[in-house]
Amino acid sequence: DFEADIDVAGSVAQQLARAIAERSARAHAILVSDYLKGTITAEIMAAVTTSAGAQNVPVLVDPKIPHLDLYRGVTLVTPNQLEAETATHARVRTDDEAREAARRLRDRLQCASVVITRGEQGMWVLDGTSTPPVEANFASTAIEVADVTGAGDTVIGTLALATAAQASLVEAAQIATVAAGIAVSHFGAVAVTQAELRDAFA
């Protein structure tokens, strides 16, 4: 099984850019999940940020380090702990180190906010949209970890849905922490349901 992961270009890139512009007009949030498979390029990210800016729509990015500078000016980036360490060339083990890494990432990317996912330690949130900025760690809620597959996807998916519903980043992070705890309690990649989230909060 082989795949082509070269960057999209030409007519394919143009079609993607048009689709982004059309769908942004109806969107309440744009989620970019970069898998380094060739879809997320400088041209495509420019289409995302231009369309989002025209519609005043937040852009949330689950990043890959080789593309880090493509995300300049987005609303939120959500690196995991290893990605945050790689991007900042610094160790992230304590809350203070997570705080410093988040601040350095925000300065480098000129983005509004940063969420660093830290596995069993939860997630560090730097919410630059509030005044003053909110910086805090949200502890993991997993009771028993069965499989971490898809945990990052669950986090950014939940953050995007909550943001689209006008939640603050702190509120969105609280929901995403619970959603991730549910996700890792199952084997394999799973979709966390509304009923599971309601039960967890109840």
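How many salt bridges does a search of the whole structure find? I began with that count, and the search gives seven salt bridges, a salt bridge being a side-chain nitrogen of Lys or Arg within 4 Å of a carboxyl oxygen of Asp or Glu.

**Ground rules**

I am working from a predicted model, in which local features need pLDDT of at least 70 and side-chain atom pairs count only at pLDDT 80 or more, while totals for chains, interfaces and linings use all residues. Residues are numbered from 1 along each chain as its sequence is written, and side-chain values use heavy atoms, with hydrogens and water left out.

**Salt bridges**

I looked up Lys37 and Glu3, whose side chains form a salt bridge with N to O at 2.6 Å. This pair links distant parts of the chain, 34 residues apart, with Lys37 in the loop between S1 and H2 and Glu3 in the segment before H1; helices (H or I, at least four residues) and strands (E, at least two) are DSSP runs, numbered from the N terminus. Lys37 counts as partly exposed at 46% relative accessibility, whereas Glu3 is exposed at 56%, where buried means under 20% relative accessible area, exposed over 50%, and partly exposed in between (1.4 Å probe, protein chains only).

I then turned to Arg108 and Asp69, which meet in a salt bridge at 3.2 Å, N to O. Arg108 sits in helix H4 and Asp69 in the loop between S2 and strand S3 (76–77), 39 residues apart, and this pair too links distant parts of the chain. Arg108 is partly exposed with a relative accessible area of 34%, and Asp69 is partly exposed with 41%.

For Asp96 and Arg99 I noted a salt bridge with the closest N and O atoms 2.6 Å apart. Because the two are three residues apart in helix H4, about one helical turn separates Asp96 and Arg99. Asp96 is exposed at 54%, and Arg99 is partly exposed at 24%. I also found that salt bridges with shared partners join Asp69, Arg72 and Arg108 into one network.

**Nonpolar cores**

Which residues of the largest nonpolar core touch the most other members? They are Val32, Val59, Val61, Tyr71, Val74, Val77 and Val114, out of 31 residues in that core; a nonpolar core is a set of buried Ala, Val, Leu, Ile, Met, Phe, Trp, Tyr and Cys residues joined through side-chain atoms within 4.5 Å. The elements that each supply at least two residues of this core include helix H1 (10–24), strand S1 (30–33), helix H2 (42–55) and strand S2 (59–62).

**Backbone entries**

I checked the peptide bond from Thr131 to Pro132 and found that it is cis, with omega near -5 degrees; Pro132 is in the loop between S5 and S6. His89, in the loop between H3 and H4, has a positive phi near 55 degrees although His89 is a residue other than glycine. His89 is exposed, with a relative accessible area of 73%.

Gln166, which is not a glycine, likewise has a positive phi, of about 75 degrees, and is found in the loop between H5 and H6. Gln166 is exposed, with a relative accessible area of 68%. I kept these entries together because most residues other than glycine have a negative phi, and most peptide bonds are trans.

**Around helix H5**

Where is Gly150 placed? I located Gly150 in the loop between strand S6 (134–138) and H5, and Gly150 is partly exposed, with a relative accessible area of 24%. Gly150 and Ala165 are 15 residues apart in sequence and, C-alpha to C-alpha, 22 Å apart in space.
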